[in-house]
Amino acid sequence: MSTLPPCPQCQSEYSYEDGGQLVCPECGHEWSADAPAAGDDVRIIKDANGNLLQDGDTVTVIKDLKVKGSSLVVKVGTKVKNIRLVDGDHDIDCRIDGIGAMKLKSEFVRKA
């Protein structure tokens with residue numbers, strides 16, 4: 001009986017070790033033996049400086065951002081409180097005073 005983990009792609013139990021890699025003979029997927037399991041769906045979202053962001057954090061905008069569909073601009077230095085992290089193209093859902101609900105990319109903010 002094998003003590004190796006099943007394939008993270010097809011869940012085949014017939015994985016085998018090849019050097020430092022694990023290989024699945026059924027689907028051909030290769031993965032590192034010391035890598036965390038793919039089932040750990042933990043989102044890691046970092047700001048422009050590389051700090052880890054979490055739900056409820058306060059961030060500061062680091063670049064003037066035009067709001068699509070209007071003439072409004074989110075100015076540099078605007079503080080955004082109580083952010084919510086989401087999956088997709090834009091990582092952050094938030095509410096900005098004077099503008100309303102917005103979606104921001106984490107690359108344009110830094111943790112306050």
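## Surroundings of Asp-57

The backbone nitrogen of Gln-54 lies 2.8 Å from a polar atom of the Asp-57 side chain. A polar contact is a pair of N or O atoms within 3.5 Å; within protein, one must be able to donate a hydrogen and the other to accept it, and residues adjacent in sequence count only if both atoms are side-chain atoms. Asp-57 itself belongs to the loop between E3 and E4, where strands (E, at least two residues) are DSSP runs numbered from the N terminus.

With a relative accessible area of 14%, Asp-57 is buried; the term buried means under 20% relative accessible area, exposed over 50%, and partly exposed in between (1.4 Å probe, protein chains only). Leaving aside residues up to four places away in sequence, Asp-57 touches Leu-52, Val-80, Lys-81, Asn-82, Ile-83 and Lys-111, contact being defined as heavy atoms within 4.5 Å.

## Basis of the model

This is a predicted model, in which local features need pLDDT of at least 70 and side-chain atom pairs count only at pLDDT 80 or more, while totals for chains, interfaces and linings use all residues. Residues are numbered from 1 along each chain as its sequence is written, and side-chain values use heavy atoms, with hydrogens and water left out.

The protein averages a pLDDT (the predictor's confidence in each residue, from 0 to 100) of 87, and 91% of the residues score at least 70.

## Salt bridge of Asp-57 and Lys-111

The whole structure contains 4 salt bridges, each a side-chain nitrogen of Lys or Arg within 4 Å of a carboxyl oxygen of Asp or Glu. In one of them, the side chains of Asp-57 and Lys-111 meet at 3.5 Å, N to O. Because Asp-57 lies in the loop between E3 and E4 and Lys-111 in strand E11 (residues 109–111), this pair ties together parts that are 54 residues apart in sequence. Lys-111 is partly exposed, at 33% relative accessibility, whereas Asp-57 is buried.

## Other salt bridges

Asp-93 and Arg-84 also meet through their side chains in a salt bridge (3.7 Å, N to O). Asp-93 is buried, its relative accessible area being 14%. A network of salt bridges links Arg-84, Asp-93 and Lys-103.

Lys-105 pairs with Asp-89, the closest N and O atoms being 3.8 Å apart. Lys-105 lies in the loop between strand E10 (100–104) and E11, and Asp-89 in the loop between strand E8 (84–85) and strand E9 (92–96), so the pair ties together parts that are 16 residues apart in sequence. Lys-105 is partly exposed at 26%, and Asp-89 is exposed at 56% relative accessibility.

Note on methods:
Helix = DSSP H or I, 4+ residues; strand = E, 2+ residues; numbered from the N terminus.
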